[in-house]
Amino acid sequence: MSYKLSKRSYERLNGVDAILIAIATEAIKESPYDFGIPRSGGMRTEEEQYKLYLKGRSRADGFKKKSYHQTGKAFDIFAYVDGNASWDKEHLTEIAKHIIKVAKDKFNVDLEWGGNWRNFKDLPHFQIK
């Protein structure tokens, strides 16, 4: 099965580093599950970042500690399974393995995945240093 990013997902990636957009575009084609970019999954303002911090979804407050989303060096995904958005660990882990492999094999980029972090697991998150 071959997937592709929706128009809405591309709009949500507006301002994100071109290499990350290229990785997502390539990775979705052969992904084990379809995926998309959630509402705050691309570039974020300080205020947007702070709201996510207050909800406990980020360790970066957007002001003292900046998120990679604020510089266009990160994106988040959700799995799209059986017609619905999914943040299921199994789905996100399988997609993440695939995205990381595509980034390395086709773009020579070592993508950092939030699911590999020790203290704060962020399964939908990918960033480039």
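Helices and strands here are DSSP runs, numbered from the N terminus. By that numbering, Ser31 sits in the loop that links helix 2 to strand 1 (34–36). The model is predicted.

- Apart from neighbours within four places in sequence, Ser31 is in contact with Tyr3, Ile95 and His98.

**Helix 2 and helix 4**
- Two packed helices are described by the angle between their axes and the distance between the axes.
- Helix 2 (residues 18–29) packs with helix 4 (residues 89–107) at an angle of about 115°, and the axes are 9 Å apart.
- Helix 2 is therefore roughly perpendicular to helix 4.
- The crossing of helix 2 past helix 4 is right-handed.
- On the helix 2 side, the contact involves Ile19, Ala22, Ile23, Glu26 and Ala27; on the helix 4 side, it involves His98, Ile99, Val102, Ala103, Lys106 and Phe107.
- Sorted by class, this contact has eight nonpolar, one polar and two charged residues.

- An open sheet is made of three strands in the order 1-3-4, with antiparallel pairing.
- Strand 1 and strand 4 (84–86) are the edge strands, each pairing on one side only.
- On average, neighbouring strands of this sheet are turned by 45° against each other, direction ignored.
- Strand 3 (residues 78–81) and strand 4 run antiparallel and are joined by three bridges.
- Ala79 stands opposite Ser86 of strand 4.
- Helix 4 packs on the sheet and touches strand 1, strand 3 and strand 4; the direction of helix 4 makes about 115° with that of strand 3.

Note on methods:
Residues are numbered from 1 along each chain as its sequence is written. This is a predicted model: local features need pLDDT of at least 70, side-chain atom pairs count only at pLDDT 80 or more; totals for chains, interfaces and linings use all residues. Side-chain values use heavy atoms; hydrogens and water are left out. Axes are lines fitted to C-alpha atoms, for helices over the stretch in contact, and angles run from 0 to 180 degrees between N-to-C directions. Helices (H or I, at least four residues) and strands (E, at least two) are DSSP runs, numbered from the N terminus. Angles under 35 degrees count as roughly parallel, over 145 as roughly antiparallel, 65 to 115 as roughly perpendicular and the rest as oblique. A crossing is left-handed if the near helix is turned anticlockwise from the far one by less than a right angle, and right-handed if clockwise. Contact means heavy atoms within 4.5 Å. Ala, Val, Leu, Ile, Met, Phe, Trp, Tyr, Cys and Pro count as nonpolar, Asp, Glu, Lys and Arg as charged, and the others, Gly among them, as polar. Two strands pair if DSSP finds at least two bridges between them.
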